[in-house]
There are 6 protein chains.
Amino acid sequence: MTDEFQKFKEFRQKMDQKILNKGNREINRFYALDKNAYNEGALSAETKELLGLVGSLVLRCNDCITYHLWRCIQIGLSDEQLFEAFHISLVVGGSIIIPHLRKAVSMLEEIRSSHEFSG
Amino acid sequence: MTDEFQKFKEFRQKMDQKILNKGNREINRFYALDKNAYNEGALSAETKELLGLVGSLVLRCNDCITYHLWRCIQIGLSDEQLFEAFHISLVVGGSIIIPHLRKAVSMLEEIRSSHEFSG
Amino acid sequence: MTDEFQKFKEFRQKMDQKILNKGNREINRFYALDKNAYNEGALSAETKELLGLVGSLVLRCNDCITYHLWRCIQIGLSDEQLFEAFHISLVVGGSIIIPHLRKAVSMLEEIRSSHEFSG
Amino acid sequence: MTDEFQKFKEFRQKMDQKILNKGNREINRFYALDKNAYNEGALSAETKELLGLVGSLVLRCNDCITYHLWRCIQIGLSDEQLFEAFHISLVVGGSIIIPHLRKAVSMLEEIRSSHEFSG
Amino acid sequence: MTDEFQKFKEFRQKMDQKILNKGNREINRFYALDKNAYNEGALSAETKELLGLVGSLVLRCNDCITYHLWRCIQIGLSDEQLFEAFHISLVVGGSIIIPHLRKAVSMLEEIRSSHEFSG
Amino acid sequence: MTDEFQKFKEFRQKMDQKILNKGNREINRFYALDKNAYNEGALSAETKELLGLVGSLVLRCNDCITYHLWRCIQIGLSDEQLFEAFHISLVVGGSIIIPHLRKAVSMLEEIRSSHEFSG
């Protein structure tokens, strides 16, 4: 049942490793910069992950959406909160977002039922 | 000194009035939907305005950025918080965001020094 | 032979149902607004579906393209008409549209040969 | 009163001339291809201009919007028809379209009151 | 091992043939224009393919990326050169590019190990 | 005659200074990363600036286009070379690029005639 999420995680980890091992120093710095952006600071980690989620939704990147949904769930955000972020994405980005929303809601179910969360 | 912000507000109000007066019922409904999206709910109004701001930055819409900056300032967000939202936008959206960031920082100054905020 | 179109329809229906059942009133309103946009009015339903199709092509959303192709075929548009809409999308949006055009033409065949249309 | 439309037309004509005179044969072919796309064919010229307008709106290009509005008005489309095309653009593309819609409605007024149309 | 690249090439060839056979003269002209754009001229073929690659990466089109990677490899560009082009794409386009970069690096391996290149 | 280019340079320098002075360490790192991306490496500085130019054109960012044009001219690229890069951008990105091309050609003239280049 959690097939797609599992495949996403594995492909992501495998390819990131290959990219980082390639030794392009600037790309590796970009990866570090990207990771740091979501650390707790003047804004909470919850808010920052939601910002990443909405940015990913309006730019329509399924893998980015899956990643930030995963992080949002790890941090403890509720479906009700996530659906309000979905609505803002939908209003800002329009109906062109809907196929990504369908995918997001499907992944949301997968992630919640994955063994990481369903114990 | 607050010229551009003032012009933005006036043009926005004038044109929205013309659009709503035109009587296309569905467009008017879209306007209502857009307005409601930022109301306090399961997510705070602060978080929602930041979501609107980051959505506008990564989609690179100067007027939308100005509007959400204005709202963020009305709600009481600090420059430090806004710059963390700017950084997430920059990392997600890339250097193509930088010209919009320059404009945003320029408008941020204008808005803070406008008579609405500087008493 | 009509595998992908069938899967698209099923996933679309299943996920839209889940999204609407979630009870976020504003998202449900957006769905209604989206549906109404293509109703016959001062512009014909044919023209409106073509507008939806070209909007989807230039924004490069495969599922949106499939949906509007399906509607265009239900309404009776010919391949010759659809290819003229494809060409406008191609000129406006550039060669980056070509992979979506390939997919569109493949779906167009599937839809026309599906039992809904081939009797 | 028709300042911006006039300036748009003059800059467009001057720069297109410079670009075509530069003698890059492939760019000149692209210009011809672009022009031909809106000729009456299996779809009417009205429909094609509306497709160009909605493509321009969802891709958020003010100059492209102004150009297609101008052509739509030359061809005889009514405000009611144009506002239905605006609504489809708004639903497909989201609130990020609104600043372009404001500009479009402002240009629509300018174009209708320009001496080409108000005789 | 070279499954995805093979499937991409076959689908591309099959659908392009169908599109060209459909006889829409303007679409066929667009295809010719697209092909000519990468011919050696004042800029080398290497540079032009890299321009196509970066254009495809920042616009986030997987099939376009695969096509230009294939061409870059045929022309003899090294991984080190390609990774510098990847880095520029990443900086210009932001972290939203990362999933396309993962896919690109995966296809890069497939292409290099395909019988066209590995003898 | 070089008004717009001059204004661009001044606004860019002033705002970048303000942004860097604000002390958000991650934003400052992004700026450094952006600058490094165009250094001579496995690809020449000429190629890298052209990659930046085409990336900016297809993403339709006027200020980014102006910046990379300026750098391309400093490095010694000819108009003939730049127009081939323009053509690739046009084919990849479509007619929606044309207004940015008009602006680019206008800035190209301004930059070449500015005292930095015309001695």
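This is a predicted model: local features need pLDDT of at least 70, side-chain atom pairs count only at pLDDT 80 or more; totals for chains, interfaces and linings use all residues.
Residues are numbered from 1 along each chain as its sequence is written, and chains are lettered from A and ligands numbered from 1 in the order in which they are written.

Q: What pattern does chain A follow along the sequence?
A: Helices (H or I, at least four residues) and strands (E, at least two) are DSSP runs, numbered from the N terminus. Chain A has seven helices and zero strands. Read along the sequence, the pattern is α-α-α-α-α-α-α.

Q: What is the radius of gyration of chain A?
A: The radius of gyration is taken over C-alpha atoms, and the globule rule is 2.2 Å times the number of residues to the power 0.38. For 119 residues that rule gives 14 Å, and chain A is close to this, so it is as compact as a globular protein of that length; its radius of gyration is 15 Å.

Q: What percentage of the 119 residues of chain A count as buried?
A: A residue is buried if 20 or more other C-beta atoms lie within 10 Å of its own, exposed if 12 or fewer, and partly exposed in between, with C-beta atoms placed from the backbone. By this count the buried part of chain A is 48%.

Q: How many residues of chain D are in contact with chain E?
A: Two residues are in contact if their C-beta atoms, placed from the backbone, lie within 7 Å. Of the interface residues of chain E, 100% are also interface residues in chain D, so the copies meet through the same surface. Six residues of chain E contact residues of chain D, and the number on chain D is six.

Q: How many residues has the largest nonpolar core?
A: A nonpolar core is a set of buried Ala, Val, Leu, Ile, Met, Phe, Trp, Tyr and Cys residues joined through C-beta atoms within 7 Å. Among the residues with the most contacts inside the largest one is B:V54, which touches residues including A:L51 and A:V54. The number of residues in this core is 234.

Methods. Lists of a residue's contacts leave out its neighbours within four places in sequence.
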